[in-house]
Amino acid sequence: MKQHSEIPYWITLAHLSKWGTEKINRLVVKIVHDNQMSLETFFHSENEWKDKFALSDTDILDLQNAKSELPNNAFLAEDLLSQGFEVVPINSPEYSKTLKANLKLKAPTILYVKGNKQIMQANSIAIVGSRDADDISLQFTDNIAKKASQQFRVVVSGFAKGVDKQALDSAIQYKGQSIIVLPQGIMTFGSGIKKYYKEITAGDVLVLSTFHPKSVWSAGLAMARNPIIYALATEIYVAQSSESGGTWAGVIDGLKKGRTILVRKPNQNEKNANLILIEKGAKAVDFEGNAIENIEVVEAIEKPNINGTSKKNEIDEVIILLEKQTLTPKQILEKVKLNMSDKELAKKLKSLPNIQTVKKSNKIHYFVKQESPTLFAIK
Amino acid sequence: MTRQQAEQKLKSTFGFNEFHDNQWTVIDKILQGQRVLLIEKTGFGKSLCYQFPATQFEGVTIIFSPLIALMRDQVQKMQDLGIAANFISSQHTEEENNQTINDALNGKLKLLYIHPARMENVKWLETVRDKNFKIAMVVVDEAHCISTWGHDFIPSYRKIVNLVNLLPLNFPVLATTATATKRVEEDIKAQIGKNIISIRGNLLRENLKLYVITVQSEDEKMIWLAQNLEKIQGTGVVYTGTRVSTEIYAKWFEYLKIKSVHYNSGIDTETKKDIEQGLMSNEYKCVVSTNALGMGIDKSDIRFVVHTQIPVSPIHYYQEIGRAGRDGKPSHIILFYNPNDDKTLPLSFIEGGRPEIKKYQRVIDAVKSERLGLHGIIKATNLKQTQVNVILADLIAQGIVIEAIDRNSKKYEFKFGSPALDTKSFEELRDAKLKEFDEMLNYLTISTCRMKFLCDFLGDNLHKDCGVCDNCRQKNIQVSVTEDWRNKLADFRETYFPILEVENKTTNLVNGVAASYYGISNVGQALHRSKYENGGDFPDWLLRLTLKAFYRHFGKEKFDVVLYVPPTESGDLVKNFAEKIAKSLNFTFSNALKKSRTTQSQKIFQTGLLKKDNLKDAFILENPNQIIGKTVLLIDDIYDSGATIKEIGKYLSKLGAVKVAPLVIAKTVGGDL
């Protein structure tokens, strides 16, 4: 009970409307790490905000406004806790280490959960894909979930139709464990909790949300949830992706961050963007999830039209750059702003199938294989 | 704010010149955002300790109180003073409650009174967490209800404790109670926490004249009251131990033309409200009640409180007698004690307060396999609702079961990773209660000041005697029973027949009558002999008694047809009995009512819900058209939960019967749902 009294403070801070997660987390680090303070003590030592925490006048005003919501959030917290939900703050040993390692300061300040929290500490994979996935993708999902469950790996999924749902149901069927990452507030998930009641009470399912507990589903929240799914897993399996939408954006983002992403190699006449993702650096896997080396993308691909989406992507920018010139990673980073070190970039470039290297003045330079038809399309 | 400034505001807002010293001590701390537990006797002016700060704070003060009548009175007083106050209760319509909640949200209220159970209401919870809802302070009235060591633990207070623990530092919280032992005080402080300060006044009530009357039988209690009740000035309350005895005592007073009424938790809300209002306006000499009455009654001039049964502890007793003489004027407090008989009931409350451990396991298993509502658990476990309620409250308190809210209905969930059931705390609690009961027994036999004994028990150090109790004045009351009174009581017993309350809006059932209570007179034995010991037909004296009950209740009313409840196992007993009734009353007898399927004996079901299921659509009437437009007298031997009568009444009403009236030999004591 003792640490429960911190919960309204966490809720209040985590949903500070004008602040982004990173800004909130920086303050959290200052409070709980640098100053070894409880949030309660912090909120009630306003006189130290300016000096000790170097907060600006605007920030202080925001915090004062937030502070006045504490009694309301006490009511919210009571309701949450009495209904069996729990709040796991970022400094808690129960907080997913994988999530924290992957997102660092962008990791959600608090997690709202129901079920077996231990699941968050287990080795985990995510299976992602379209809502209207083909049977073959659903079958692939089933294969992966089965394998993961047999290996005592947790399956993370997003509770959407199609692949998400299949991943969850298969993990349950094979007596595995699952994390459901909600695209909504956890208190609006009554029907799902009813449906997966047995699995939740048996400790096989953890329901997790990063949003305000009463937020209802929205497309925006569904998109915002995707990075959480990716970050909760050590490996990400992609069953089926189109050239836009949540899965696509998530994978591109994941690749950019250097995550291990395993994409099902599609059959010849499948109409999806799996091959493009493989081409962009995702690892190809077969129907059973086994890695495929040296995949020949060239002939399998129909001319993809990714002009629209590609430019937004930083790695795509690099590829375009490397079509015209030969550069070292350091030189690339001077031209394109990327959230990675030169070593990470080098690793990333090596993982892309159509990038070639040449050694000049003792440094490895990268360029794009010009004969690739894909790249003509990009041009 | 200084005391002087505060008292100026007090004068202009409340019309009082000054605070008592203790009041100001509390108010000063509250204004500084502290947490206070205030233990003061009735009449101290505890409510001013939050009402005044509430008028000074920005935002709404939320007062949790279990007493609807008290909330109503307080709100009226505030409104009369021009202070914006209101209360939310089950006695308002949903629209009215929603309006009140919205008023609070929009800053139109200073004080909002609310029942702790409202913490489960979706609309309330949704509004109160809105950041525009400015909450100034939280008050926990009757704070002893949060402690299981107290005399009146209310499970919904658990949520209040949790809430208070979540409220921020420097947020004013006031908990108040008139009755808390040291142990309860410490428990409340531990639960509410965050540097709470307790302030305790003295608990001596100088105007209460305490008496203990030792008797040898229930008859002596009834006769003494008959002889003396009218001699005691004013209006009062007679507390009995059971629901049935509320009815019997009230009927006895009625027989003696003493204006009285019975009150217990089995009575519908509407009637309860009427009785409470009647008590307020001195319509009765006395209300005969179980301990269901009282918490909510803010009547300052209750002149006497009689207990026909000993309470389970001195604190229960202090609390219940505390309702008398709030105006400070002398009031009589009488406790009857029959050393031969009176320990059984309180001991059974203590021992039976908790169901057996294996029943806990049944509930845990049921909830583990499925997410269930209360009715679902009752059905899955075949346990009485009262027991399920106790078990659930314990399991929730121990964190094993969660009470989730699913579209305004409650669902119980098993909590993953929860600890095993802790039964040690149950035993500790039971032992503590037995010790308290021993103290209650001591109270009966002491020869020293009774008020001092009670105050000492409550942790108050009273250094003087009250000077007004029977021991202080050395005036012990003796009962004298005359032959005349014995005859009167016998006559009452033979002419008093329990009512069967089965009327409802959806059927043509009317209330009927039973010849007796099962288990109170020799009627039960006679029935048992015939039913289970091959004693043959029900004896003729039962027939005469039942006919007497009929005439008493229905007068000369004629019925078109006499039907009887087809039996599950005891042969033709009821059929033969019904036939004799029909013959004696000269009504048409029919055996057209049959069972359409085999049912199980109702006795094996512990709960009304399963009893109801057992009988659903189980009856069929041959030649159903014959019943259209007819009035029916429906005969049975024993009336328990009433489920059988209600099912048949529903069926016959559907077929077209215009009236269905039950007549039975005995009504059992108790029954669930």
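Start at B:Ser147. Select this residue in the loop between β5 (135–140) and α7 of chain B. Helices (H or I, at least four residues) and strands (E, at least two) are DSSP runs, numbered from the N terminus. The model is predicted: local features need pLDDT of at least 70, side-chain atom pairs count only at pLDDT 80 or more, and totals for chains, interfaces and linings use all residues. Residues are numbered from 1 along each chain as its sequence is written, while chains are lettered from A and ligands numbered from 1 in the order in which they are written.

Is B:Ser147 buried or exposed? B:Ser147 counts as buried because it has 23 C-beta neighbours inside 10 Å. The cut-offs: buried takes 20 or more other C-beta atoms within 10 Å of the residue's own, exposed takes 12 or fewer, and partly exposed lies in between, with C-beta atoms placed from the backbone. Now show B:Phe153, B:Val184, B:Asp187 and B:Ile188. B:Ser147 touches these four, not counting residues up to four places away in sequence. Contact here means C-beta atoms, placed from the backbone, within 7 Å. Then pick B:Thr507. From B:Ser147 it is 360 residues away in sequence and 44 Å in space, C-alpha to C-alpha.

**Chain B as a whole**

Zoom out. Chain B has 24 helices and 23 strands. Its radius of gyration is 28 Å, close to the 26 Å from the globule rule for 673 residues, so chain B is as compact as a globular protein of that length. The radius is taken over C-alpha atoms, and the rule is 2.2 Å times the number of residues to the power 0.38. Along the principal axes, the C-alpha atoms of chain B fill a box of roughly 85 × 60 × 50 Å. Of the 673 residues, 42% count as buried. Take the contacts in chain B between residues at least 6 apart in sequence: 74% of them join residues at least 24 apart.

**The parallel sheet**

Select β8 to β13 of chain B. These six strands make an open sheet with parallel pairing, in the order β8-β13-β12-β9-β11-β10. Two strands pair if DSSP finds at least two bridges between them. Colour β8 (208–214) and β10 (260–263) of chain B. Each has a single partner strand, so one side of each is left without a neighbour in the sheet. From one strand to the next, the twist averages 15 degrees. Axes are lines fitted to C-alpha atoms, for helices over the stretch in contact, and angles run from 0 to 180 degrees between N-to-C directions.

Strands β9 (residues 236–239) and β11 (residues 286–289) of chain B pair in the parallel sense over four bridges. There, B:Val238 has B:Val288 as its bridge partner in β11(B).

Stay with β10(B). It pairs with β11(B) in the parallel sense over four bridges. B:Tyr263 has B:Ser289 of β11(B) as its bridge partner. In a regular strand, side chains alternate between the two faces of the sheet. Show the side chains: B:Ser260 and B:His262 point one way from β10(B), B:Val261 and B:Tyr263 the other way, and all are buried.

**The mixed sheet**

Move on to the second stop in chain B. An open sheet of six strands runs β16-β17-β23-β22-β18-β19 (chain B), with mixed pairing. Its edge strands are β16 (499–500) and β19 (588–589) of chain B, each pairing on one side only. Select β22 (residues 631–639) and β23 (residues 659–667) of chain B: they pair in the parallel sense over eight bridges. B:Ile638 stands opposite B:Ala666 in β23(B).

Which helices pack here?

- Helix α20 (residues 523–532) of chain B touches β17 (512–517), β22 and β23 of chain B; its direction makes about 95 degrees with that of β23(B).
- Helix α24 (residues 643–655) of chain B touches β22 and β23 of chain B; its direction makes about 165 degrees with that of β22(B).

**Across to chain A**

Show both chains. In chain B, 29 residues are in contact with 30 residues of chain A. The elements of chain B giving two or more residues to this side are α6 (122–128), α7 (157–166), β14 (401–406) and β15 (409–414).

Finish in chain A at A:Thr58, in helix α4 (residues 57–67). A:Thr58 counts as exposed because it has 9 C-beta neighbours inside 10 Å.

Notes:
Contact = placed C-beta atoms within 7 Å.
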